[in-house]
Amino acid sequence: GINPDEAVAYGAAVQGAILAGVRHSICDSIVLVDVTPLSLGVEVEGRHMSTIIPRNTKIPCTKSQKYTTTEDYQEALDIAIYEGERPSTRDNHLLGEFKISGIERAKRDQPEIEVTFALDANGILNVAARDKKTGADAQCTINNACKGLSQKEIDRMVEEAERFAKEDAELIKKVALKNEIQSLAFDLGEGDKHLSEETLDWIDTVDLMTCPMQTLEARRRELEAAAAR
């Protein structure tokens, strides 16, 4: 039989040799693939997680996503980096934060900021943000990405994501609906200034965890009716 402790030690030794660039027939014949134990991403409006590197992605890897602003003439963007499997960042693990300034002064949704995650074999995550129009950029390095949590903590987070999969799926639908309501309210603008402003104020305070789907759907219908008048 195979001794589990010996197998782990052997695997670690081979992995160490591969990372060190040692050439040996044993290293050549065995392929050990490191993967991300949890998804990595950034927080977007409403304290929600936008995944950039999904769980079980092979390491090393580099992936990018494009983001934009939520307010008119916004000049800076705060970027919070998380790991975890839940759609709400309150249930995930914060890794670090940084800010990009000097982004394009324009109406909401117009600026284009590309966020790139580059994760190496040692678990070092380099995050870069760049504004496509102005060229403004900012970086952040996180040394313990994928390695800061114990296996027990990782297992707990994965198990919770599986246990709350149904609730999380509904929350994702609510987030999409809330974003649609927000866009409708902005587009309505002067057409019905009172309804537009009242809706945007409501959006800022609504808790999607407790807000019924029917309430969101009613808000959307109200805005669609106002836009059609």
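Two strands pair if DSSP finds at least two bridges between them. Helices (H or I, at least four residues) and strands (E, at least two) are DSSP runs, numbered from the N terminus. By that rule, β4 and β5 run antiparallel, joined by eight bridges. This is a predicted model: local features need pLDDT of at least 70, side-chain atom pairs count only at pLDDT 80 or more, and totals for chains, interfaces and linings use all residues. Residues are numbered from 1 along each chain as its sequence is written, and side-chain values use heavy atoms, with hydrogens and water left out.

**Strand β4 and its partners**

- β4 covers residues 76–83, and six of its eight residues are buried (under 20% relative accessible area; exposed is over 50%, partly exposed in between; 1.4 Å probe, protein chains only).
- Strand β5 spans residues 93–101. Its F98 is the bridge partner of I79.
- β1 (residues 40–44) also pairs with β4, antiparallel, over three bridges. Here V42 stands opposite I81 of β4.

**Helix α6**

- α6 holds 16 residues, 213–228. From first C-alpha to last it reaches 23 Å, close to the expected 22 Å (1.5 Å times one less than the number of residues).
- Its buried residues are M213, L216, R219, L223 and A226. They line one face of α6, because they fall within an arc of 155° seen down the axis (taken from the directions from the helix axis to the C-beta atoms).
- An α-helix has 3.6 residues a turn, so residues three or four places apart point the same way.
- Q214, R221 and A228 are exposed on the other side of α6.
- The buried residues of α6 pack against α4 (165–188) and α5 (193–205), where contact means heavy atoms within 4.5 Å.
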